Amino acid sequence: MGKTKMRYFEQEDILYLAISDDPENGSIELSPNITAEYNDKGELIGIEILNASDFIRDAIAESVPEKGLPN
């Protein structure tokens, strides 16, 4: 397995993380807009995130504690 590669397709707003250069044999939807792709051995080869800019924004917002407004 080589280095993980990341590609962003701006027009489609898709982020693709390639874990391997193996050809895709199938995929499984992990949640809406997130798909895991696997090779013929059933090994994970990539993850596709649709609406990536929203996903990243929401993930960051969830990880940063909310600050209360000053009185």
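**Where the labels come from**

User: Start with T35. What is T35 in contact with, leaving aside its neighbours within four places in sequence?

Analyst: T35 is in contact with S27, I28, E29, L30, G46, I47 and E48. Keep in mind that this is a predicted model. T35 is found in strand β4.

User: Why does T35 count as buried?

Analyst: Buried means under 20% relative accessible area. T35 comes in at 16%, so it counts as buried.

User: What makes F55 partly exposed rather than buried or exposed?

Analyst: Partly exposed is what sits between the buried limit, under 20%, and the exposed limit, over 50%. F55 has a relative accessible area of 36%, so it is partly exposed. You'll find F55 in helix α1, residues 52–63. Together with I56, I60 and V64, F55 makes a nonpolar surface patch of about 340 Å².

User: How do you know that β4 and β5 pair?

Analyst: Two strands pair if DSSP finds at least two bridges between them. Five bridges join β4 to β5, and these strands run antiparallel. One of the residues to look at is E37, whose bridge partner in β5 is G46. The hairpin of β4 and β5 has five residues between the strands, and G42 takes a positive phi near 80° there.

User: Which other strand is joined to β5 by five bridges?

Analyst: Strand β2, residues 14–18, and that pair also runs antiparallel. L17 stands opposite I47 in β5.

User: Back to E37. How do you know that E37 has no salt bridge?

Analyst: A salt bridge needs a side-chain nitrogen of Lys or Arg within 4 Å of a carboxyl oxygen of Asp or Glu. For E37, which is buried, the nearest side chain of opposite charge is R7, and that is 11 Å away.

User: What makes K5 and D21 a salt bridge, then?

Analyst: The limit is within 4 Å, and the side chains of K5 and D21 meet at 3.4 Å, N to O. The pair links distant parts of the chain, 16 residues apart: K5 is in strand β1, and D21 is in the loop between β2 and β3.

User: Why is D21 called exposed while K5 is partly exposed?

Analyst: Exposed starts over 50%. D21 has a relative accessible area of 65%, so it is exposed. K5 has 44%, so it is partly exposed.

User: What makes D54, R57 and D58 a network?

Analyst: They are linked by salt bridges. R57 meets D54 at 3.2 Å, N to O, and the closest N and O atoms of R57 and D58 are 3.1 Å apart. Both distances pass the test of being within 4 Å. R57 and D54 both lie in helix α1, three residues apart, about one turn of the helix.

User: How many salt bridges does a search of the whole structure find?

Analyst: Three.

How values were computed:
Residues numbered from 1 in each chain as written. Predicted model: local features only at pLDDT ≥ 70, side-chain atom pairs only at ≥ 80, totals over all residues. Heavy atoms only, no water. Patch = residues over 30% accessible without salt bridge, like charges linked within 9 Å, V, L, I, M, F, W, Y side chains within 5 Å. Areas by Shrake-Rupley, 256 points an atom, 1.4 Å probe, with all protein chains shown as cover. Helix = DSSP H or I, 4+ residues; strand = E, 2+ residues; numbered from the N terminus. Buried < 20%, exposed > 50% of the residue type's maximum accessible area, 1.4 Å probe, protein only. Lys, Arg positive; Asp, Glu negative; His and termini not counted. Contact = heavy atoms within 4.5 Å.
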